[in-house]
Amino acid sequence: MHWDIAFGNLDYFLYGTTSFDWHFPFIHNPEGLVASVILAFFGIFGAFWLGMAAGLMRMSKRWWVKIPAVCYIEVIRGMPLLLLIFWFYYLAPVIIGQNLPAFTTTMGCFMIFTGAYVGEIVRAGVKALPKGQMEAARSTGLSHVQAMKLVILPQALRNMIPSFVNQFVSLTKDTSLAAILGVIELTRTGIQVDNRETVASFEIWITIACLYFLICYILTSYSRRLEAQLSRYQARDR
Amino acid sequence: MDYTFHWARMFSGEPAQWMWEGFCTTMQISTISLVCAMILGIIICVMRMTPFKPFQWFSLAFTEFFRNTPLLIQIFFWYNGAHVIIPDAINSWMNDLYSWFPGEFSLFGHHFVGEWMLLNVELIMGIIALTVYTSAFIAEEIRAGIFSIPKNQLEASRAVGLSFLQGYRYVILPQALRIVIPPLISQALNLIKNSSLVMVLGVTDLMYQATQIESYHAMPFEAFTVALLIYLAISLVVSFCITMYNKHFMIQVMY
């Protein structure tokens, strides 16, 4: 066992460099764990709003609003993320005429991919509420949009948090796929160190796995706290 | 947008043949992994349920670790690092697989020609990674299904004289497995989609063949679109079939 090699490269896994050099441009060339966390953070942010839009559009009664959302959700849910990344990577020059950086491509893919799953969660969350809620809101004189915003969504969002957490944890794990396009993040540093220190593969990958485990654990525990806070009134009712 | 599409070239000659081979490999990997993952998932889940504490700790650690680390990392771990914990005899057997399964061989009276299934260490490690990763999820889902069955069912089975394992085998699992069919559908679909990741080891699955066509024939857009349509078709067919199966079962359950 060569744990000294794995731990000796810990700063490389974390920061992507062996010297503590923080002078990297914020988005375009981040490194190591920092890049993974940035990818996950912006991915979650984008996926939340994209999924919210897709889920609400999907529930619309107008076909020209509903059909695009249904297509988006069904197609994305039926394809592997890796395929989406490659597709996006080669599609971009065809559409906009120039190559996108790998970092931007993968971040966009994480948003689009998780957005579809979040869309389904939003739909399920809203459908799970009693129908009378909407009817009552409408009867008090709120418009459909107002009722959604003031009555339905606040309740639905609270119930959706556990599903969101699952989805966002899997997005965090999916950020490892950025390594395949060559983005220098946690997995890529692992591949680099593995190529250099071939005797210590076992220790290197266990260490990387533990780092991912740590990120996911922190995310889960914070979300649990958020969930407890948001459902404190609900808990009292029961 | 000055990109000329060559759809016709995708459906003939080398690209079509590669895509077909990739499709077969993907289906083989997915099927084998799914069967193994179901078995391993049930074992892990039952271990979690036993009153014997070390089994509980082991299965808890197993599920938490494999669910919270990325599949890509696990694939790299199994392929690059796991030979340390695998006995030497098995390692050398896996490295010699090419001589065991050449391009042309006879098995059970059947004569196989061509790359029927390219059994090699990459493929085995890919299958192991997919199996272990999926089994952790399956174990959690079956556990949720078992929790939805009243606890006195097990107590009743013990009272009738069945042992703990028999109680699970004949009373709890048959009911729980029906309840967990819908979440297992999505696990099966996830597995098929996740199987695209084994291309990083050089397993010639659908995704690998698409990148192959991209680099040999310079048709990235067509190749990935066809791969997308194939994955989409697989997903739709599998979910349709299992939904039908599920409906068939549900009728029997409603006594």
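One cavity of 30 Å³ or more was found in the predicted model, a cavity being a set of points on a 1 Å grid over the protein atoms alone where a 1.4 Å probe fits but cannot get out. Grid points are joined across faces, edges and corners, and a volume is the space filled by probe spheres set on the points. The volume of the largest cavity is about 50 Å³. Its lining, defined as residues with an atom within 4 Å of a point, is drawn from both chains: A:Trp205, A:Ile206 and A:Ala209 on one side of the list, and B:Phe65, B:Phe66, B:Thr69, B:Ile73, B:Gln74 and B:Phe77 on the other. Two or more lining residues each come from helix H10 (201–230) of chain A and from helix H3 (53–67) and helix H4 (71–81) of chain B. Seven of the lining residues are nonpolar, two are polar and none is charged, where Ala, Val, Leu, Ile, Met, Phe, Trp, Tyr, Cys and Pro count as nonpolar, Asp, Glu, Lys and Arg as charged, and the others, Gly among them, as polar.

Chain B contains 12 helices and two strands, taken as DSSP runs numbered from the N terminus (helices: H or I, at least four residues; strands: E, at least two). Their order along the sequence is α-α-α-α-α-α-β-β-α-α-α-α-α-α. Of its 255 residues, 48% are buried (under 20% relative accessible area, with exposed over 50% and partly exposed in between; 1.4 Å probe, protein chains only). Among contacts in chain B (heavy atoms within 4.5 Å) with a separation of 6 or more, 75% join residues 24 or more positions apart. The chain exposes about 13100 Å², of which carbon and sulfur atoms supply 67%; accessible areas come from the Shrake-Rupley method with a 1.4 Å probe, and for residues only the protein chains shown count as cover.

B:His217 belongs to helix H11 (residues 206–217) of chain B. Leaving aside residues up to four places away in sequence, B:His217 touches B:Arg9, B:Glu14, B:Pro15 and B:Trp18. With B:Glu14 there is a side-chain to side-chain polar contact at 3.1 Å (a pair of N or O atoms within 3.5 Å; within protein, one must be able to donate a hydrogen and the other to accept it, and residues adjacent in sequence count only if both atoms are side-chain atoms).

B:Ala156 is located in helix H8 (residues 152–160) of chain B. B:Ala156 counts as partly exposed because its relative accessibility is 40%.

Residues are numbered from 1 along each chain as its sequence is written, and chains are lettered from A and ligands numbered from 1 in the order in which they are written. Because the model is predicted, local features need pLDDT of at least 70 and side-chain atom pairs count only at pLDDT 80 or more, while totals for chains, interfaces and linings use all residues; side-chain values use heavy atoms, with hydrogens and water left out.

Key
1 Å grid on protein atoms, 1.4 Å probe; cavity = no way out; pocket = protein on both sides within 12 Å on 5 of 7 lines; lining within 4 Å.
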